[in-house]
Structure formats: structure tokens, C-alpha cells
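Subject: Handing over the structure

Hello,

I am passing this structure on to you, and I hope you enjoy looking through it. Please have it open while you read the notes below.

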Amino acid sequence: MHYVIVGNSIASVGCIESIRKIDQTGTISVIGDEPHPCYSRPLISYLLENKTTEEKMTYRNDAFYEQNNVKLMLGKRVQAINTETKQLSIDDGSLVDYDKLLIATGSCPFIPPMKNLESVKNRFTFMTLDDAKNLEKVLTKESRVLIIGAGLIGLKCAEGIRDRVKTITVVDLASRVLVSILDEAGSSLVEKKLISEGITCILGDSVKEFVNSDALLTSGRVVGFDVLVLAVGVRPNVSLVKEAGGEVNRAILIDETCQTSLADVYAAGDCSESIDCITNERKVLAILPNAYMQGETAGRNMAGEDAFFDKAMAMNAIGFFGLHVITAGIYQGSDKLFTTESGYKRLFVQDGKLVGYILIGDTINRAGIYTSLVRNKTDLATIDFDLISEEPLLMAFAKKERAHKLGDAQ
Amino acid sequence: MGINYLYPDFEVHRDREKCITCRVCERQCANEVHSYDAESNRMVSDDTKCVNCHRCVSLCPTHALKIVKTNHGFKDNANWKGDVIQDIYRQADSGGVLLASMGTPKDYPVYWDKMLINASQVTNPSIDPLREPMETKTFLGQKSSKIRRDENGKLITKTDPQLALNIPIMFSAMSYGSISYNAHKSLALAAQKLGIFYNTGEGGLHEDFYQYGKNTIVQVASGRFGVHPEYLNAGAAIEIKMGQGAKPGIGGHLPGSKIGEDISKTRMIPEHADAISPAPHHDIYSIEDLRQLVYTLKEATAYTKPIIVKVAAVHNISAIASGIARSGADIIAIDGFRGGTGAAPARTRDNVGIPIELALASVDTRLRQEGIRNNVSLVVGGSIRSSADVIKAIALGADAIYIATSALLALGCHLCRTCQSGKCNWGIATQRPELVKRLNPEVGSERLVNLITAWNHEIKEMMGGMGINSIEALRGNRLMLRGIGLNETELQILGIAHAGQ
Amino acid sequence: MKRVYVNEQWCLGCHLCEYYCAYANSGQESMVKALKDRTINPRIKVEEKNGISFAVNCRHCNEPLCVKSCIAGALSQVDGLIVIDASKCVGCYSCIMACPYGALMPNEEGVMQKCELCTTNTHGKPACVQGCPNKAIVFEER
Amino acid sequence: MEAYHQRLPLEGEERFPSGCAISGIFSRAGNRFSGRSAITSISVMHDRSNGLGGGFAGYGIYPEYKDFYAFHIFYYGNEAKRMCEEYLEEHFDLINLSKIPTEKHHNITDEPLIWRYFVTPLPTKLANSQLDEKEYTARCVIHINSVIKGAYVFSSGKNMGVFKAVGFPEDVGEFYRLDDYKGYSWTVHGRYPTNTPGWWGGAHPFALLDYSVVHNGEISSYDANRRFIEMYGYNCTLQTDTEVITYMIDYLHRRQGLTLEEVSHVIAAPFWSTIGRKSEEEQAEYTYLRNTFASMLITGPFSIILGFNGGLMALNDRLKLRSLVAAEKDDMVYLASEESAIRIIEPNPDRVWHPSGGKPVIITLNK
């Protein structure tokens with residue numbers, strides 16, 4: 001049996017680990033275009049912030065590939081899948097046979113058209129380790145950095161480089177920061193924090209054109225800068241499957257076994273579009289835990305088990321300058337709001353179930369208990385919801401359920 | 001508030017250097033001695049509430065606590081001692097009978113400590129229990145006085161009902177009510193593991209514990225609490241409680257506050273009503289009445305269960321015992337005056353009855369004089385504190401012994417002697433759920449099993465030393481005992497020679 | 001694998017487990033030195049409400065969501081034991097988000113820490129188990 | 001009398017442990033032979049005695065008086081003799097009375113008056129007592145021994161007799177001129193008391209009716225056994241193991257009617273673990289015996305030879321803490337503490353064995 005995995009990030013690792021739990025003998029080949037062993041992309045901002053090092057960024061220990069007997073083909077790109085012959089053609093001209101194939105190609109930065117963008121010399125995206133290293137090279141204490149995009153990537157980048165540069169300006173078309181994961185109150189809490197940390201946020205505005213080392217904004221404002229970081233958004237890498245005739249929407253369509261519409265071809269991670277377990281809508285849920293669990297599920301199915309991943313949902317844990325934010329699910333239905341002196345909590349209830357939450361600051365402790373309510377679609381009538389709203393406690397569950405949680409391993 | 005004549009008996013000493021204000025003392029003290037003072041971030045204590053039960057001391061993770069007897073006192077007076085004066089203050093204050101619990105703390109002679117055990121030298125070999133069998137199995141019950149054979153001359157081996165003990169030690173009566181559910185369960189589990197017996201006391205048998213029937217002695221006392229046919233048949237033996245060493249001649253009183261749903265159900269009495277067992281059995285005003293009850297109970301259980309008659313050790317105990325031995329009873333249990341109680345009038349506990357050692361010796365002698373010692377088994381209790389006490393009791397003539405205080409100590413009791421308050425911090429003498437839960441029967445039974453196992457090892461060791469490898473050869477073997485510091489009368493009653501003789 | 005199990009029937013809410021845990025993982029010789037005048041951050045926490053109490057610590061799940069959610073690869077499963085490499089942790093709190101028991105808690109520096117069944121200290125049998133006065137916390141195979 | 005008042009306490013006044021030598025010779029065919037071989041046998045075990053007591057029991061030695069109880073009595077003084085004979089007159093027909101013939105021996109001194117009476121209970125007295133003849137006789141013997149100071153009945157069986165004294169057993173044999181007695185069964189005892197002056201009554205064999213016991217050992221259960229057996233009319237005046245063992249055997253065998261086999265299951269009961277391995281029926285029987293007569297279990301080391309009319313029983317404690325050897329030659333059976341004591345009278349026996357602990361060896365006359 002030959003398992004081939006295209007892409008060498010989190011989903012890939014999940015896939016390898018799950019295959020090896022079932023099949024210790026089959027060959028596993030990993031083809032990745034980055035020259036590095038699997039590292040955690042979300043850590044690149046921490047690297048610049050010196051909260052971690054390149055060594056520590058490796059997602060598994062150095063012996064990982066050896067221990068799992070994985071054939072690594074790094075710095076190579078797959079150009080096409082031939083589902084007839086079950087072959088992959090590699091950019092070095094070689095062909096690789098596969099029995100089971102996982103596409104975990106992730107996504108790439110999306111760069112909107114901006115006038116004179118090409119004229120900007122110090123222009124970076126912020127997604128890969130190389131992006132981070134390249135950016136690092138040009139940063140000086142005098143740098144004035146302009147970040148386009150006030151989403152997760154843009155803001156983490158801002159946090160990461162804050163102490164290395166003179167000024168940071170974040171520009172976003174949206175009227176508030178982290179619009180994809182926060183409500184207004186949440187956004188303003190984070191924005192306040194950013195401002196207090198010396199970051200300029202220009203919201204509801206966008207770059208009209210670049211002139212020399214200035215960015216002229218639609219509002220007419222002019223932002224001078226030496227370094228430009230583009231963090232507007234990402235695009236799933238779908239071309240391989242698309243060209244092979246697989247069904248693709250915004251991303252590669254997969255079912256709950258993580259299989260694509262193509263036989264023996266699976267997909268996982270940011271390049272895939274899965275079913276949100278709360279809304280039952282197809283979504284790109286480009287977050288790390290999903291990537292791992294999809295890869296894992298794909299791996300188990302590739303190795304012959306029947307595994308389902310039907311727990312895909314949005315969730316984020318992120319922090320800026322010590323202000324922690326944890327969110328999950330969707331923000332619909334009736335809500336329960338709690339504000340503390342240094343935090344904020346909002347719970348969303350729909351059809352007697354918790355469907356989402358936003359926790360900021362000192363309310364984040366034991367958030368996973370809320371997450372489990374969302375993930376398991378727990379009927380709130382079976383627990384003491386008033387109690388658990390106050391504070392996430394196992395106490396809120398029925399005696400029997402508590403005994404189960406404390407008495408048995410999962 | 002007026003003048004309080006009573007000063008704290010104990011002082012809580014807290015080593016500030018060691019205290020990490022984990023507040024476990026505060027959480028564990030049902031008497032609310034300890035509290036946390038947020039302002040100073042320190043634990044503070046109210047000595048007046050302390051009963052010296054050591055719960056806080058035992059749980060303090062840094063050993064920052066100790067409880068010391070106050071050295072505050074009255075002017076020395078050999079006659080009017082401090083506790084005497086305080087008792088008077090208490091009664092002048094309350095106008096009531098002084099209540100106390102557990103065995104008397106008064107300084108009466110302990111004859112166990114005035115007897116020494118023999119060992120073999122040269123003329124016959126001591127036996128090593130690690131290499132040779134050493135038997136402690138004991139049967140309790142009437143023995144046939146004449147053997148019988150069937151028409152083919154085969155022995156007829158059917159006997160009166162017997163209790164078989166792996167070790168001649170049993171847990172004596174403590175009622176569910178005076179002690180907690182978990183204490184009872186600990187005793188039941190331990191008795192089962194050890195192949196011995198525990199005793200329900202007068203409070204009936206909780207339905208959960210019927211499963212331990214094979215190792216249970218069910219008691220019938222003057223209050224008849226919880227007595228019904230299933231109950232009588234649930235146990236391996238039935239004990240008629242005529243008296244208790246700690247309070248001979250008076251009945252029992254369990255305050256309504258302790259009678260919760262479970263207990264009221266088990267005792268078959270209303271919730272929160274005081275449970276009062278009369279001083280006498282009102283159907284037993286004389287020995288022939290006792291005989292009737294003995295046979296009533298035998299009838300009720302189809303002669304399948306031995307009947308124990310338990311009496312307190314009083315002055316004419318040997319005559320009483322002789323009467324009981326002829327009443328049809330299979331086993332006589334005698335409770336010495338140092339025996340414990342959940343609650344008794346202090347004056348009775350401290351002044352009524354006689355020591356078990358003397359009672360046992362005179363009863364055994366008397367029954368032998370009358371030639372009826374083999375018609376009845378003798379079980380004694382009333383502060384048996386160690387394996388040595390057990391050996392001495394058996395050598396004096398006991399078939400088996402009853403322990404209760406020792407068992408409670410094993411369960412964590414620290415003899416603070418405030419059972420009557422119902423606030424036992426060790427979860428033993430209380431019915432308050434948050435306190436009862438402090439005694440996990442798994443832990444409790446294990447500690448009981450350990451204790452008895454340890455005693456059994458020591459008993460075997462000393463038996464081996466005497467060259468005896470079966471406990472029945474020790475029973476009544478008074479040559480194995482010598483008195484130390486005893487006068488002629490005491491020696492004569494105990495039926496032993498003085499050391500050196 | 002032997003795990004720590006909690007039986008709320010016997011939990012007295014004495015909180016000793018928390019203190020023994022904090023001590024065991026303090027690296028200090030004396031408990032007093034380790035804990036006096038400090039707010040402790042144990043890896044086991046007691047929940048209490050109207051007479052009911054029980055301790056919660058890592059269940060060492062067979063399918064550990066925390067490990068699968070850790071963005072830094074700091075959490076891993078070694079022979080069933082869920083361990084954390086604190087030096088890899090960047091404090092993103094994804095594990096807090098993921099753990100259905102709320103068993104992971106940051107230490108005073110905000111770095112994640114978790115119960116590793118006292119395998120990394122000198123206490124042998126988990127200190128909370130040893131310290132529990134009523135066998136409410138046990139360490140056994142189930 | 002003065003011999004009765006020693007500075008050291010006597011048997012009966014205190015309990016003495018002692019070591020010993022024993023030997024027994026038995027003719028299954030019932031051939032009668034003199035006491036000489038018993039003397040020879042015991043003499044080789046000289047060092048197991050210390051000259052403070054020795055004695056013999058012979059069975060079948062009084063054929064001409066076989067229907068009468070032969071009482072052998074020590075008297076310390078004539079007053080005792082007078083009182084005792086008065087008592088005998090009241091309770092028995094005295095068929096014949098005489099001094100027991102002895103021969104001066106330089107090692108045997110301080111002898112008391114030694115008399116022999118052949119008696120039978122007075123019919124009227126016996127009837128009034130509502131006891132059987134043996135019980136009646138036994139009680140009279142016990143009465144004399146415990147009540148009449150200075151008188152001591154040391155043999156009281158039919159067609160058998162005990163001969164004992166303070167001294168080495170072989171000398172005792174000579175002293176009593178045992179060459180002149182012929183019996184089908186002899187037992188002999190040499191005593192090694194550890195701290196007694198030894199008095200004649202305290203020597204062994206100890207006998208009641210036709211039971212005689214020679215014993216080597218020191219039992220640790222003594223007082224348990226004594227205080228129990230004394231409930232049944234026995235009075236352990238000597239406080240010796242042999243005495244209490246004899247009484248227990250008398251009680252169990254004669255009065256309870258247990259077989260000697262069953263008696264051994266009481267006094268040398270198997271361990272519970274051993275009983276547990278037996279068949280259900282046996283278990284019930286063994287348990288019944290051990291439980292019913294629990295206080296008659298003998299612990300501590302002992303080897304005994306029980307003599308009775310028509311047989312011998314040898315028994316060891318259940319751990320076999322004392323030596324006991326048995327041998328056979330034709331109809332003859334030999335028992336002794338040491339094999340040498342057998343070889344000297346029977347150099348080549350057909351079979352020699354070591355009876356195991358608690359297992360009785362019972363020999364009886366051929367029918």
C-alpha cells in the first residue's frame with residue numbers, strides 16, 4: 001500500500017499519525033514545496049516576537065518522519081494528478097504512484113489589486129516561515145510598517161514585530177478588527193488594546209494607490225511606510241483537484257470521511273471545504289484543529305477504517321499583548337452577556353443549545369467546557385445552564401454525567 | 001452573656017512559620033474552631049470550641065497545628081480537682097445530668113497491665129508461627145455434654161448452632177444511629193473479610209447491610225428498635241442486650257436530632273423522635289423471663305442461630321452468668337465497666353460496674369465449679385486494647401473477645417469523648433451527611449482488617465512462645481499468666497499465681 | 001494505563017489535593033517554602049457547590065483534543081500520558097479552548113501546565129492521590 | 001511422715017516440667033513374661049532419667065484376683081494407713097490385703113509403707129451411689145488421694161498393677177522384684193524432673209482403674225486441660241501432665257465412650273487445615289470431636305504409652321516434638337523413646353517404624 005500526502009503541514013501530520021496507528025508497514029510519501037519539515041505556521045509571529053525559535057517551531061520532534069517511516073520529498077511541487085493511472089507528476093519530471101492520496105495543500109495569500117503595488121520594494125505576505133524570515137531581514141528600529149488587513153494574520157504580525165519597529169499602521173476595509181471572529185464589543189476591546197500598545201488602526205478604509213513610500217487611502221489619508229505586509233486574506237489551493245476533475249467550490253469539497261469526489265483522493269485542512277457541524281453548511285474552516293482532525297480522519301479511511309469527522313466547527317484561541325480571546329461556533333440566537341472588569345463573555349443559545357461563544361480576557365478559563373457543549377450539541381435542559389453560564393463547571397452536569405466524566409477515560 | 005465559669009480545656013497552637021493558610025483546618029472542623037482572617041491573611045482559632053479531636057492536626061499538610069491542654073487551672077487541691085469543680089459549674093449552670101461518652105477516663109486499676117504472659121524455655125520448645133501452623137479458629141456455642149451414636153455406632157455430629165471465627169475477636173454492638181452508616185459498613189466489610197462478626201447494636205439493620213448477614217450479629221435490646229422476623233433471621237446470631245458496661249442498669253437515649261429518614265426507617269420509629277430504650281426489658285423482670293425470650297428467639301429462627309445474652313459486669317456477675325448459662329443461652333457476653341458508649345450519664349459511666357478482668361475470672365471459675373462451662377461460650381469486652389489483652393482474656397477463660405473502642409480508634413476516632421454532640425469530625429459518631437462522608441468504608445474496613453490481622457500475628461507469636469499452637473489450649477490456661485503487684489485477693493479472684501511463684 | 005479517577009462521593013472538599021499538587025510540582029524541598037504566602041496554581045482543581053465537591057485534573061484522554069488543537073506541537077501523547085513541553089508553548093490557549101474538562105490551567109507566568117501524573121517530579125504516585133485523606137482520588141487501571 | 005514434709009514443694013503443691021524415657025512391651029498372643037525385659041529396656045535409657053522417679057505397669061499379673069480391683073497404696077505413717085483402711089472398709093469388700101514384697105536396694109531410700117488390697121465395691125453402697133462400678137471405684141480413689149493426707153492410691157485396676165518409686169527405673173524394678181510377676185504387657189517410665197525432690201506418688205506410671213500412662217514431654221495446654229477435666233469430678237492432685245492425660249483418657253474413653261482412635265482425634269486433633277482436606281463425612285466427625293472437646297486438646301511435646309486391660313496405645317503430639325519408636329517381632333510389639341531400648345531386648349525385629357505425630361498406635365490382644 002502506498003500512501004501519498006501532498007502538502008507537509010498539520011493535516012499531513014494528522015494523516016501520518018493516524019495511518020501508522022493502523023498500518024505500520026505501508027509506504028507513506030510526503031511531497032511538500034517548502035524545504036522545511038512540518039512546522040506550525042501560526043507560530044511565525046511568535047518567532048519574530050522571540051517567543052519561540054525555529055527549532056521549537058517544528059511541529060513534531062526531529063525523529064518524527066523516521067519513527068513513522070515516512071518518505072520525505074521536500075522542495076517539490078506536484079503538477080498534476082492522473083486518477084486513471086493513479087500517478088502524480090512532479091515538477092522534477094518524475095512520476096509518483098499512489099494507492100491512496102491526501103491533498104493537504106493548504107492555502108495561499110490573496111492579494112487584491114492595488115495601484116502601483118508592484119512599485120513597492122519591501123512588500124511581503126505573512127504566511128510561511130520564509131515570509132517571516134524575509135520580513136525580518138528588512139525590519140529596523142526605524143521601520144514604519146503598514147499592514148493591510150486587520151484579521152488574525154495581520155494583527156498577529158503586528159504583535160510579532162511591534163518591538164522591532166518604529167510604527168505600525170493597520171488598515172482594513174472593515175469597520176472593525178477581527179471582524180470574522182468577534183462581535184462589535186469584542187472588536188472594540190481588542191482595538192483598544194492594540195491602540196494602547198501603540199498600534200495605529202485605520203478602519204473602514206483602504207489603499208487607493210501607492211506613491212513612492214506613501215500609501216494614499218480612499219479616505220484621502222496618507223500613510224507613510226517603509227515595509228508593507230499584505231494580510232488581506234487567503235485562497236485555498238485547489239488547482240490539483242480541480243484540474244483532475246474533482247468537485248471544487250471555494251475549496252475542495254469533501255464528505256465526512258474527508259474524501260473528495262475523486263476515488264481514493266482525500267483532502268484535509270485549509271484547502272478543503274467541510275460541513276460546519278452547527279449550521280450544517282459547507283464552509284472553509286481554516287483552523288488548525290480542524291486541519292489535524294481532518295488529516296487524521298482521512299488517514300484512518302485511507303488505511304481502511306471507517307472514520308468520520310463530523311465535528312468541524314469554527315473556533316479560535318488567540319491573544320494580543322496578553323489580551324486573550326477564545327471564540328467558537330456561530331453567533332446566532334439569543335445571547336447571554338457578562339462583562340467583568342477585565343473581560344467579556346457572550347454566549348449564544350439557539351434551540352436550547354449553546355451554538356457559540358466569545359470569551360475575552362479573564363473569562364477564558366476552562367473555555368473548553370463551553371466548546372464541548374457546542375460540539376456535542378448538549379441539550380441545555382439537561383444541565384444547570386445558569387450555573388455554567390456564570391462559570392464553566394463540570395458541577396453543572398447531572399451527577400451521572402459527572403461521574404462518567406470523572407470516572408472514565410475518554 | 002453573664003459570667004462563664006468554664007474556661008477552654010485546650011489551646012490551639014498554630015505555628016505561623018509553617019501555616020500556609022490552605023484552610024483545611026477551617027474546612028474540616030465541624031466545631032468551627034478555625035477561621036480565615038482575610039485582612040491579615042492568617043488563620044485564627046476559637047479555643048472555646050475545640051474538643052481536641054485532632055482532625056485539623058491530622059490533616060494539616062505542614063504540621064503547623066497542635067492542640068495542648070491548657071495549663072490554666074485552679075489552685076492545687078488534692079480533693080477538689082479541676083474537673084470536679086468544672087462539673088459542679090456545669091451542673092450549676094445547666095441543672096442537668098452530665099453526659100459523657102466512650103469509656104471512663106478515670107484512673108481505675110487496669111488488671112490487664114498487672115498480668116504477665118509465660119513463654120517456653122528449654123523444657124519444652126516454643127513454636128515458630130512462620131514455620132508451623134498456628135491456629136486461632138474458634139467456635140462459639142453450646143457443646144454437647146454427651147456424645148451420641150446412631151444405630152451403626154457412627155457419631156452423630158449435629159450440634160447446637162455454632163459461630164465459627166477465624167480469629168477470636170469480634171466487633172461489639174454499636175447501633176446505626178450512635179455511629180454512622182459508613183462506620184457500620186466499614187465494620188461489616190471488615191468482618192466479612194476477616195471471617196469474624198460485627199454487631200448491629202440496638203438500632204436495627206439497614207437494608208443495605210443484609211448482604212453481610214453471614215458475618216452479622218443482630219441485637220435485641222429493651223427498645224426493640226428495628227426488630228422483626230426478617231431482621232432476626234438476617235444475622236448469624238442474635239444478641240439479647242441486657243446491659244452495657246459503660247452504663248449498667250440504665251437504658252439508652254438517641255436524641256431525635258440524630259433520627260433522620262434512614263435511621264427512622266431502620267429503627268421503625270418516627271423521624272426526629274428521641275429513641276429511648278428502657279432501663280430493663282419490660283418483659284424480663286427475672287431470670288425465667290429471660291429464658292422465655294431466649295426460646296422465643298430460638299423459635300423465631302427455628303433453632304438455627306445461637307443466642308447471645310449480653311450483660312454488664314456488675315458485683316454478682318458470676319451468679320448472674322450461672323443463671324444465664326442455664327437459661328438456654330448459647331453465649332454469654334460480659335461487658336466491663338471501662339467499655340465505651342455513644343452517650344451515658346457521666347456519674348454512671350465513671351462509678352457503676354466492675355472491671356472485666358475480675359468479672360471474667362470469677363465467671364469462668366464459677367461456671368467450671370458448676371461443671372457447666374462447656375454448655376456456654378464466654379465473650380468479653382470492655383476496653384480490650386491490644387493483642388496482649390486478648391491473650392490474657394483467653395487465658396483467663398474467655399472463648400472470644402469483643403472490641404469496639406479499639407475498632408473505632410482504627411477508624412480514626414481520637415477519643416475526644418464528645419460523641420453525644422453528634423459533630424464527630426471523623427464521620428463516626430455523627431449523622432450529618434457532610435461528616436459521615438469523611439469515613440470512606442473502603443479505607444475504614446481496610447484499617448480494621450489491618451488492625452485485627454496485626455493483632456492476630458502478635459497473638460500467634462505469643463502463643464508460639466508459650467509452646468501452644470491452637471488457641472483452645474490457651475483458653476482458661478491460667479498457668480500462662482502471673483500477676484504483678486497484685487494483692488492476695490486479686491490473685492485469688494483472677495486465679496493466677498504471682499510472678500516469681 | 002493507570003489514571004487518576006475521582007469519586008465525588010468521598011470528596012470532602014478539603015482542597016489538600018491542590019496543595020499537594022502545587023507542592024509536588026514546585027521543585028521545592030519543603031511545602032512551607034513552596035506554598036507559604038503564595039496563591040497556588042495547581043494542576044488539579046476542586047469544584048464545590050452546596051455540599052458537593054470533586055477534583056478535576058487531566059483525564060489523559062485516548063483521543064486528546066488538546067493535543068490535536070495545540071498549534072505549537074507542545075502537547076503530545078507519550079504511552080497514553082499527555083505531556084506538555086512548556087518550552088514550546090507560546091501561550092495561545094488553544095488547549096484551554098479544546099479541553100472538555102477544563103483541566104488545563106496556565107501557571108502564574110501564563111505558560112500552560114498540566115497534570116502529568118507526577119511522572120516529572122520526585123513524588124512517584126500522584127501527589128494528589130497520596131494526599132487525599134479519603135481515597136476520593138485514586139490512581140488505577142480501569 | 002517427715003518424708004511428706006520436704007523443704008522443696010512436692011508434686012501437687014506446685015507444677016513441675018520434666019523430661020523422661022518410656023518403654024512398652026506387649027504380647028499380642030497374650031503370653032505372659034516377667035518384668036525383667038522392661039527393666040533391661042529402660043536401663044539403656046539411663047541418661048534420660050535422673051534417679052528422681054521410675055516405675056512400671058504390668059497387665060495380666062494377678063490372674064487369680066482378676067475380678068477384683070487391685071489397689072496399690074503408699075502410706076506416709078500409720079495414721080494415714082488407719083484412716084485409709086477405715087475408708088476402704090466403708091466402701092469395699094477387702095478380699096485380700098498385704099504389704100507389697102520389696103527388696104532392699106542401696107539406691108532406693110525413704111520408702112513409705114507400700115500396701116496392696118484386692119477389693120470389690122460394697123453392693124449396697126454401690127447401689128445407693130447410682131454409679132456404675134468403675135465410676136464408683138474411681139471416685140473413691142480420687143477421694144482418698146485428695147482427702148486422706150499421707151495416703152496415696154497409685155494403682156487401682158483389675159488384673160494389673162503399677163510399681164513405682166523414687167530412684168532409677170531399673171533399680172525400682174529390682175526393688176519391687178518384678179522377676180516374680182508375669183504379664184502380657186509392660187510399660188515402664190524413667191523420670192527426669194527438673195526441680196523436684198521427687199516423692200513416690202509423683203513417680204510414673206500414673207494410673208486410674210486399669211488405665212496407666214507413661215509419658216515423656218511437657219504439655220503447654222496443661223492448665224486448660226486440668227481446669228476443664230476437673231469439671232467432671234477429677235482432681236489433679238499431682239499437677240503432672242501424666243495425671244491430667246490419664247484423667248482425660250478415662251473421661252473420653254470410659255465415660256464418653258469414644259474409641260481410642262476418636263480419643264486421639266481429641267487430644268491430638270489434626271490441624272484445621274488437615275481436617276479441611278478430608279472427606280465431608282470425616283470433616284464433620286473430626287470437627288465435631290475437636291469442637292465439642294476443644295479444651296482437651298493437648299499442645300506441646302508429648303509421647304505417651306497408655307496401658308489398659310488387653311492393649312496399649314502409643315501417641316505423639318501432632319508436631320511429634322518427642323521421640324517414639326515402634327517395632328514388631330512375631331506377636332511381640334515394642335515401643336520406646338529410643339530404638340536402642342528395643343534392640344537390647346529384640347536385636348532383630350521384623351519391622352521398626354516411627355509413628356507420625358498425632359497418629360495413634362493401638363495394639364490389642366488377638367481374639
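Here is what was found, starting with how the chains meet and ending with a few single residues.

First, some housekeeping. This is a predicted model, in which local features need pLDDT of at least 70 and side-chain atom pairs count only at pLDDT 80 or more, while totals for chains, interfaces and linings use all residues. Residues are numbered from 1 along each chain as its sequence is written, and chains are lettered from A and ligands numbered from 1 in the order in which they are written.

**How the chains meet**

Of the three pairs of chains that touch, chains A and C have the most contacts; two residues are in contact if their C-beta atoms, placed from the backbone, lie within 7 Å. Here 38 residues of chain A are in contact with 34 residues of chain C. The elements of chain A that give two or more residues to this side are α9 (288–302), β22 (315–320), β23 (323–329), α10 (367–375) and α12 (399–407). Helices (H or I, at least four residues) and strands (E, at least two) are DSSP runs, numbered from the N terminus. The biggest giver is α10(A), with five residues. By class, this side of chain A has 22 nonpolar, nine polar and seven charged residues. In that count, Ala, Val, Leu, Ile, Met, Phe, Trp, Tyr, Cys and Pro are nonpolar, Asp, Glu, Lys and Arg are charged, and the others, Gly among them, are polar.

Chain B touches chain C too, with 15 residues of chain B in contact with 17 residues of chain C. Both α1 (24–28) and α14 of chain B supply at least two residues of that side, and α1(B) gives the most, with three residues. The side of chain B that touches chain C has six nonpolar, three polar and six charged residues.

Which chains have no contact with chain A? No contact joins chain A and chain B, whose closest C-alpha atoms lie 17 Å apart.

**A closer look at α10(A)**

Is α10(A) enclosed or open? Nine of the nine residues of α10(A) are buried, so it is largely enclosed by the rest of the structure. A residue is buried if 20 or more other C-beta atoms lie within 10 Å of its own, exposed if 12 or fewer, and partly exposed in between, with C-beta atoms placed from the backbone. Among the buried residues are Ile369(A), Tyr370(A), Leu373(A) and Arg375(A). Their cover includes β22, β23 and β26 (353–361) of chain A, together with α4 (94–98) of chain C. After α10(A) comes Lys377(A), whose phi is positive, near 50°.

**Two helices in chain B**

Helix α4 (residues 181–194) and helix α14 (residues 441–465) of chain B pack at an angle of about 45°, with their axes 8 Å apart. Axes are lines fitted to C-alpha atoms, for helices over the stretch in contact, and angles run from 0 to 180 degrees between N-to-C directions. The two helices are therefore oblique to each other; angles under 35 degrees count as roughly parallel, over 145 as roughly antiparallel, 65 to 115 as roughly perpendicular and the rest as oblique. Residues of α4(B) including Leu187(B), Ala190(B) and Leu194(B) take part in the contact, as do residues of α14(B) including Leu448(B) and Ile452(B). By class, this contact has nine nonpolar, four polar and two charged residues.

**A few single residues**

Most residues other than glycine have a negative phi, and most peptide bonds are trans. Asn69(A) has a positive phi, near 50°, and lies in the loop between α4 (64–67) and β3 (70–74) of chain A. With 13 C-beta neighbours inside 10 Å, Asn69(A) counts as partly exposed. His63(B) also has a positive phi near 50°, and its loop runs between α2 (55–59) and β4 (65–69) of chain B. His63(B) has 12 C-beta neighbours inside 10 Å and so counts as exposed. In chain D, the peptide bond from His204(D) to Pro205(D) is cis, with omega near 10°.

Best wishes
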